Amino acid sequence: MALLVVPACLLVLALLIGPMILMFRISLNQFSPTQLMVQALSPDNYIKAATDPYYQQIILATLGIALLCTLLTLILAFPAAYWLGRMESRWKSLVVIATLFPLLVGNVVRSAGWMALFARDGLVNTVLMKLGVVSAPLEIMYTTKAVIIGIIAVVLPYMILTLSAVIESIPRDLEYAAANLGASGARVFWRVILPLSGPGVAAGSILVFVLCMNTYATAVLLGGPRFKMMAPAVYDQFVRGNNWPMGAALAFMLLAVTMAFTVFGSVAFARRYRTG
Amino acid sequence: MAQLTIEKLTKRFGTSIGVEGLDLAVNEGELVALLGPSGCGKTTTLRMVAGFLPPTSGRVLFDREDVTHLPAYKRATGMVFQSYALFPHMSAADNVGFGLEMRGLNASERKIKVADALKLVRLSHLADRLPRQLSGGQQQRVALARALVINPRIFLLDEPLSNLDAKLRAEVRLEIRALQQRLGLTTLMVTHDREEALTMADRLVVMEGGRVRQIGTPQQLYDSPDDAFVADFVGRCNILSGRRANERQFRTSGGLLLPVDVGSGERDDADAFALRPERIAIVPGESGEVRGRVQAITYMGAQTEYVVAIGDETLVAVRPTPDAGEPLAALKANDSVSLQWDRKVPRLVPQTLS
C-alpha cells in the first residue's frame, strides 16, 4: 500500500522541491546588466531585498494588505459561515455550491469585470453621478482599496466554507445551554461559539493569508502599474528585468515571510485555545 | 422557586402540529414529567418553557409573570440537557461558574458558590477537569450543578438519564429526586422512559401527537388510565377490543366473555378491556370462569411470564417466579389453566391506539 504514495511523492519532489533547490541556487548568483546571470555564492540579493527601501516597502505593503484582508475576510465571513453552518434546509448543498460559485470565474476575468465596474467612467461612478451622490467620479481603480476589495472577494468563499464546517460541528445545545445560563446572543458568541470555532478560524485564516500574500492578477489588474506587491514584483524581476537572482531571492523572501507568520500565528493560536 | 403555569400552549411547524393547546400547572416544589413517544411534543414543550422556541400561541407563566415573550437568557430556568451540553473548552468549575459570571458575580463570590455546588454533587475533587476527562455520570452531575447553582426559578430536565447505563441510571434517578425534594425545586422533566417517569414524578403528563392524553399521579395513570394508549404507555397491559356485554361481563371482539365490574365513570365509547399482567392469577386446571391453555412460559428472574391462549384471544400474566413444589412450578406449555382477577381491577376504556 505504501508504494501507492510514491507517484505523488515523486511528482512533488520533481516539480516542487526540485525547482525550489534550483531557485535557491539561482538566488545566490549575481546579476550584471550585460551578462545577466553571473555564477556566484553570495547573500547579496537577500541583503538587498531586506535593506533596500524599495523592496522593504513592497514586503511591508504585501504583509499589511494580507493581514488586513485576512482580518476583514474573517469578520465578513463569520456571519455567513454561521448561517450556513446552522442551516438545516434541504437547499444547503445548493447554498454551498453558490458560495463556491465565485471561484468558477478566474481571477483575471473577475478583475477585468471589476475594471469595468470601478473605472472613472465605469458603472459605479456613472450611477453615483447620475443619482447626484457624488459630483466628481470616485477614484477606485488603481488604489489599495480596489485591491483589498478584489482580494477579499476572491478569498471569501474559502473562509466561509472552512468556518462553516467547524461551526456545524458545534452542538446547538451548547448555545441553548449558554442562553439558559443567562448569556445574551453576544456573550454566547464570545464565550462559546468563537472559542469553539478556533480550529476553523486558524485554518481559514492561514489559508486566506497565504492566498493574500501570493496575490498576483488582482494586484496587477486592480492596483495598476505603480501598485506593488510581492508576487508581481517577483514576476517583474524575472520577466521585465531579466534579473533571475533577485527574482529568486524575492520569491524566497515571500515564502519565508509567509511561513513565519503562518507558523507564528498557529502556535500563538494553539496556545490561546489549548482545547482540541 | 416559582409555580409554572402553561396555558393553551400551541406550537405548529408549518402545517404539522408540535404541541396543541397544552394546559398544565406545576406547583412549587413539584416534579411533573412529560411522558410520551418521540414526536409527541414533550421536548417542544420544554423548549418553549425554556424560551428556546417561540410558541405559536398560548402563554407560559412563572408565578404570575408572563414570560412567553421573554428571551431564554432572561428566564432564569436551570436546564439539564440530554447531551449535558457542557462547554468543552471550560473546566467543570468554569462550567458551573458560567451562569454566575453571566449574573455579574465577581470571581471570589463565584468561587464559593461553585465549590458549594460541586460539593452538592460530590465532584469537588474533579473541579479542574475538562468535560472530556470526566465519565458520563460525572458530566451529568456537572450539568446538574451548573443548572442548580444559579437558583433557577424553574428546573428543567430533558431526558436527563438516557445517556447513562442501566445501573447508574437507577442510582442517579434517586439522587436527582432526593435533591429536587430537598431543595424544593419546581421541576418539569421530559422522558420517554415510563419507569423513570413513574419513579421520579409527583405527577405525569402523558402526551401523544402534540396533545395531552392524561394528567395524574403515577398511581392514577397506572391503575386508572383514561384510554388504551395511556394504559399501554405507562406499563405493560393486556388490551382486548370489544364491548361491555352486561353489568358483569365484557365481550371481546372474538366473542370471549371476561369478568368486569359495573363501571363507575366509564365512558360510553369504551371499546377496550385493559388489565395489567401482574393482576392476573393463574390456577392450574379447568375450574375457573376464564379457562385457557398455556402457550409459552418465560422465566425473567424474580418474575415469570405466562402467555395464555383463551379461544382466539391471548392474555399475558406475570407472576412471582414460583418456588419448587408450588403448583405453578410444574406448569408447562399446553397445560390447561384458569385465569382469575378481582373484577374491580380491569378498566374499560376507549381504544385510541393508532
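A: Start with the meeting of two chains. The area buried between chain B and chain A is about 2,000 Å². Carbon and sulfur atoms give 62% of that area. On the side of chain B, Y73(B), H89(B) and M102(B) lose the most area to chain A. Together these residues make up 32% of what that side buries. Keep in mind that this is a predicted model.

Now the contacts. Two salt bridges are counted between chain B and chain A. One of them joins D173(A) to R47(B) through their side chains, with 3.2 Å from N to O. The distance is within the 4 Å cut-off, so the pair counts as a salt bridge. Polar contacts are found as well: eight residue pairs across the interface of chain B and chain A.

Next, look inside chain B. Chain B is divided into domain 1 (4-223) and domain 2 (228-349). Their C-alpha centres lie 38 Å apart. Still, the two domains of chain B touch: 15 residues of domain 1 are in contact with eleven residues of domain 2. Domain 1 and domain 2 of chain B bury about 1,100 Å² between them. Of this, 64% is on carbon and sulfur atoms. In domain 1 of chain B, the residues that lose the most area to domain 2 are R194(B), Y222(B) and D223(B). Together they account for 49% of what that side buries.

D223(B) also has a charged partner. It forms a salt bridge with R279(B), and the closest N and O atoms are 3.7 Å apart. The count between the two domains of chain B is one salt bridge. Two residue pairs are in polar contact across the interface of these domains.

Finally, the elements on the domain 1 side of chain B. Helix 6 (194-200), strand 9 (203-208), strand 10 (211-216) and helix 7 (218-223) of chain B each give two or more residues to the side that touches domain 2. Strand 9 of chain B gives the most, with four residues. By class, this side of domain 1 of chain B has eight nonpolar, three polar and four charged residues.

Note on methods
Residues are numbered from 1 along each chain as its sequence is written. Chains are lettered from A and ligands numbered from 1 in the order in which they are written. This is a predicted model: local features need pLDDT of at least 70, side-chain atom pairs count only at pLDDT 80 or more; totals for chains, interfaces and linings use all residues. Side-chain values use heavy atoms; hydrogens and water are left out. Domain bounds come from an automatic or database domain assignment. Contact means heavy atoms within 4.5 Å. Buried area is the accessible area (1.4 Å probe) that two parts lose on being put together, summed over both. A polar contact is a pair of N or O atoms within 3.5 Å; within protein, one must be able to donate a hydrogen and the other to accept it, and residues adjacent in sequence count only if both atoms are side-chain atoms. Ala, Val, Leu, Ile, Met, Phe, Trp, Tyr, Cys and Pro count as nonpolar, Asp, Glu, Lys and Arg as charged, and the others, Gly among them, as polar.
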